[in-house]
Amino acid sequence: MFEEWRLKKGVPAYLQLKDYLKEMILEGVLTPGVKLPSTRELSRLAGVSRNTVILAYQYLEDDGLAETVRGRGTFVTKIATGRGAGVTLRWPELLTDCAVLATELDIEKKETRWQKGMISFKSIAPDPELFEAEEFKKAFLHRFALEGKKLLNYGYAQGYRDLLDYLRNYLKGKGVPMAGKDLLITNGFTEAFDITLTALTKPGARIICENPTHNTAIKIMRLHGLEITGVPMEEDGIDLKELEKALATGDAAAVFLVPSYHNPTGVVMSPEKRIALLKLLAAHRLPVIEDGFNEELRYSGSHVAPLAALAGRGNNLIYTGSFSKILFPGLRIGWILADQELISYLESIKRSRNIHTSFLDQAVLYEYLQSGRFERYLKNARRVYRERHKKAVELAAKYIPAKRIWGQGGLHVFIELPEDLNARQVLAESLKRNVIFMPGDIFFTDGGGHNTFRLGISRVKNDQMEEGFKIIGEVINRMKGR
Ligand SMILES: Cc1ncc(COP(=O)(O)O)c(C=O)c1O
């Protein structure tokens with residue numbers, strides 16, 4: 001039996017040996033009461049030192065799986081491993097509607113996956129080549145040296161104090177009035193939105209948003225059982241006339257908007273439209289959830305203030321943000337800025353769900369932010385993405401016979417084809433030539449968008465972009481010719 005055992009690299013030998021023995025015991029190969037080989041014998045059989053075997057036996061004893069009888073040796077303890085006591089359940093009969101719907105809406109499972117060798121325009125995750133891993137490592141080491149033990153313990157649901165202060169200042173710098181407002185750190189926008197909807201909507205309630213919109217947001221709204229009213233987009237943001245109609249029924253519980261570098265269209269709402277929009281919304285006295293996830297990646301020189309900055313001193317604006325696109329999505333850190341009273345409720349929901357976002361992550365992020373590296377990183381990332389976006393628009397115009405190429409920025413361009421073309425067919429043909437992208441229908445709230453698709457450009461080099469766009473263009477032209 002021990003002859004089959006092979007040492008792997010990277011894990012201490014005594015732990016590997018202990019785990020191997022544990023598996024033998026739990027699987028019933030080594031039965032209760034059986035005497036384990038002497039340390040000398042096992043050391044010979046397994047090709048490890050006697051000390052390794054002694055340690056492995058000690059850890060097995062700690063786990064309650066072995067006992068040493070002085071003068072006689074080490075024995076497998078008489079434990080019940082539960083063999084035969086289990087039953088086989090049929091999960092589909094037990095699952096909730098939420099579990100079924102979440103799986104149904106899980107595009108990671110439903111859509112074709114990227115495979116090695118493909119040119120991929122599927123994702124809009126940041127380019128990891130831009131990440132300053134060394135600087136982040138320094139921030140980690142520094143912060144951990146300062147307060148490592150504290151950071152490994154429980155923290156506060158609201159967030160790591162220094163990060164909250166940093167963000168308060170940061171948001172103030174965007175012109176957002178802070179009086180009467182408070183912040184909550186969340187696991188990205190995704191949790192911020194989920195918590196906010198938990199607080200403000202009941203199943204069956206109506207929510208208004210842009211159509212198309214962020215697919216994850218659609219998923220969350222549907223999992224909350226909301227009726228989604230999608231309002232069409234124009235090139236300068238949501239269609240206000242259509243929004244007015246949607247609001248006119250008077251039964252909406254909230255409005256969700258992505259005014260800057262909207263996903264998937266890349267549209268930035270014009271300043272004039274922002275003012276008119278706020279006026280319209282104010283008349284309806286509704287909570288407005290603004291997602292500012294991508295604001296920092298502004299490519300043009302002019303500053304566009306978030307709705308939260310333009311709304312003045314009212315308390316209906318709930319402003320969410322995230323470091324997922326402007327820095328590192330793997331950290332899963334975002335925030336909600338809202339009226340103090342509301343944040344207090346949101347904080348309790350957050351605490352009841354997952355206590356708090358990792359304090360270690362928040363503290364290291366704070367260290368990195370305050371070191372000044374963030375601004376420098378952002379400057380560089382903005383330059384790289386701006387050039388990539390410009391190139392993408394140029395190449396899309398050259399190769400892809402679109403009805404319209406949408407977007408002023410972001411990490412993607414959105415293509416609208418003539419009505420009679422189907423983007424899923426274009427995808428199927430492109431896949432045959434190893435090019436993948438995101439079909440646009442997944443972003444639509446009403447099953448529309450059959451003639452649209454999103455091209456994520458954050459991680460493709462110019463030559464790949466050219467090759468990929470050319471293939472997509474050829475596929476479309478061939479379909480048009482049929
Ligand atoms: C509209 C929008 N908001 C927010 C995010 C980021 O979400 P999170 O912070 O949960 O990573 C994305 C990511 O693609 C997005 O498209």
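Because the model is predicted, local features are reported only at pLDDT of at least 70 and side-chain atom pairs only at pLDDT 80 or more, whereas totals for chains, interfaces and linings use all residues. Residues are numbered from 1 along each chain as its sequence is written.

The protein contains 18 helices and 15 strands, these being DSSP runs (H or I of at least four residues for helices, E of at least two for strands) numbered from the N terminus. The C-alpha trace spans about 90 × 60 × 50 Å along its principal axes. Of the 482 residues, 39% are buried, a residue being counted as buried if 20 or more other C-beta atoms, placed from the backbone, lie within 10 Å of its own, as exposed if 12 or fewer do, and as partly exposed in between. Among contacts between residues at least 6 apart in sequence, 73% join residues at least 24 apart, where a contact requires C-beta atoms, placed from the backbone, to lie within 7 Å.

Eight strands form an open sheet of mixed pairing, in the order 4-11-10-9-8-5-6-7, with two strands taken to pair if DSSP finds at least two bridges between them. Strand 4 (181-186) and strand 7 (237-238) are the edge strands, each pairing on one side only. Strand 5 (residues 206-211) pairs with strand 8 (residues 252-257) in the parallel sense over four bridges, and within strand 8 it is V255 that stands opposite I208. Strand 5 also runs parallel to strand 6 (residues 227-234), to which six bridges join it; here G230 in strand 6 is the bridge partner of C209. Strand 5 is mostly covered, five of its six residues being buried.

The axes of helix 2 (residues 39-46) and helix 3 (residues 50-62) come within 8 Å and cross at roughly 115°, the axes being lines fitted to C-alpha atoms over the stretch in contact and the angles running from 0 to 180 degrees between N-to-C directions. The two helices are therefore roughly perpendicular to each other, a term applied to angles of 65 to 115 degrees. Helix 2 passes helix 3 in a right-handed crossing, that is, with the near helix turned clockwise from the far one by less than a right angle. In this contact T39, R40, L42 and S43 of helix 2 meet R50, T52, V53, I54 and Y57 of helix 3. The contact residues divide into four nonpolar, three polar and two charged, with Ala, Val, Leu, Ile, Met, Phe, Trp, Tyr, Cys and Pro counted as nonpolar, Asp, Glu, Lys and Arg as charged, and the others, Gly among them, as polar.

Conventions:
Parallel < 35°, antiparallel > 145°, perpendicular 65-115°, else oblique. Contact = placed C-beta atoms within 7 Å.
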